[in-house]
Amino acid sequence: MNKNKDIDRLLDFADNEGNIDLQEVERLLDSEDGMEAWQEMEDLEEAANRTMGRMPDIDKEWEALKTRVNPKRRFHIWKAVAVAAAAVVAIFIISNVDWSEKETNPEVAALEEIIDKKEAEQAKHVETTATAQTVSIHKKRVEVPAGETRSLTLPDGTEVWLNAKSTLVYPESFGKKVRRVALYGEAYFKVKRDQRHPFVIHTRNVDTRVLGTEFNVRSYDANDTHVTLVKGLVEVSTTYNKVNIERNQDASLDGGKLVVADVNPKDYTSWREGVMYFDNASLRTILQQLGAWYDMNIVCNDSRLLDHHFHFIFSKDDSVEEAVNLLNSSSNLDIKVDGNTILIEK
């Protein structure tokens, strides 16, 4: 079965175009690839229409996008190029953190200290923090540069996918009680189930504890922290409160406290498939993701724009200029690329 051809036929059926009958549709949907493609298209359309009502006719924009996107990914972005929403007041300037082998990101260094302390306490059964910090724990650090993603398998068999500008720190061998890792940035976890050894992800402001499940963690910025569950059950905690989230739920920070909302997980996990998809996301969130992927600094001089919300999608195969032009075309913003800076003027 030719996957791309079948996907195009499903697109024709969805658009009421071409000579395709119900029997052919049934045959396509009987295949795993065809059914998966159809579900993706339904999910994206539902998300795009959720807060806006039915989208306007954007055939022209879709056709322009199709010519630039890898055909293998075409079905993931079914007519989801979109439009803008509401506004609140703020000023937004981001300078993307950079680090190298010789100079560790301070955020990562702080997370490494957590691993050192926790693992030392566990391994040596010490009682004081001071003693724990004197014990040396052998750790590994995986850093992903801008414009790339990376996957790895941890010592316990857990699979991890890391997004751009992300760092994962973990012990060479897990302790006898708890499996601990530290994350800066964004990662998707498929945790190997082990009821006797909980798996804990430490970020700058939340801890996520599971026994075995699949979920996404995003923590580039304290104001944009999300734990999104794909299946199973997850416990998320801060200094102030603790929540349990179930499948298709997301835990985020609001005023330092965790709040839970029902979501479509694909809104948070599509980056693994080469697509950056934002369903009614704030401009802050979109700009952070653009900056991380393209290794750009972001400057927004208009204080009215920070909390504008958008439905926006772009392929990671796009250049930064193409992504910015797409955002401009689906909004009333005036965004420019100036050297290593994305500048928002309106």
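Twelve of the twelve residues of helix H8 are buried, so H8 is largely enclosed by the rest of the structure. The model is a predicted one. The buried residues of H8 include Leu 283, Ile 286, Leu 287 and Leu 290, and also Arg 284, Gln 288 and Gln 289. H8 has twelve residues and spans 16 Å from its first C-alpha to its last, close to the 16 Å expected at 1.5 Å a residue.

On either side of this helix the backbone deserves a look. Just after H8, Asp 295 takes a positive phi of about 60 degrees, although Asp 295 is not a glycine. Asp 295 belongs to the loop between helix H8 (283-294) and strand E16 (297-300). Asn 280, in strand E15 (residues 275-282), is another non-glycine residue with a positive phi, here about 55 degrees. Its relative accessible area is 27%, so Asn 280 is partly exposed.

The loop between helix H7 (266-269) and E15 holds Arg 272, which is partly exposed at a relative accessible area of 36%. Leaving aside neighbours within four places in sequence, Arg 272 is in contact with Trp 161 and Tyr 188. Both contacts involve a ring: Arg 272 lies over the face of Trp 161, 4.3 Å from the ring centre, and the charged end of Arg 272 sits over the ring of Tyr 188, 4.0 Å from its centre. The C-alpha atoms of Arg 272 and Leu 162 are 8.6 Å apart, although 110 residues separate the two along the chain.

Rings also pair with one another. A pair of aromatic rings is described by the distance of the centres and the angle of the planes. The count comes to eight aromatic pairs. One of them, Phe 174 with Phe 199, is edge-to-face, at 6.2 Å centre to centre and 65 degrees between the planes. This pair links distant parts of the chain, 25 residues apart: Phe 174 is in the loop between strand E5 (166-171) and strand E6 (179-190), and Phe 199 is in strand E7 (residues 199-202). Both Phe 174 and Phe 199 are buried. The rings of Phe 312 and Phe 314 have centres 5.7 Å apart and planes at 35 degrees, so that pair is tilted. Phe 312 is buried, with a relative accessible area of 1%, and Phe 314 counts as buried at 1% relative accessibility. Ring pairs also join Phe 174, Phe 189, Phe 199 and Phe 215 into a cluster.

Note on methods: Residues numbered from 1 in each chain as written. Predicted model: local features only at pLDDT ≥ 70, side-chain atom pairs only at ≥ 80, totals over all residues. Heavy atoms only, no water. Helix = DSSP H or I, 4+ residues; strand = E, 2+ residues; numbered from the N terminus. Buried < 20%, exposed > 50% of the residue type's maximum accessible area, 1.4 Å probe, protein only. Contact = heavy atoms within 4.5 Å. Expected span 1.5 Å × (residues − 1). Phe/Tyr/Trp six-rings, centres within 6.5 Å; stacked < 30°, edge-to-face > 60°. Lys NZ or Arg CZ within 6 Å of the ring centre and 35° of its normal.
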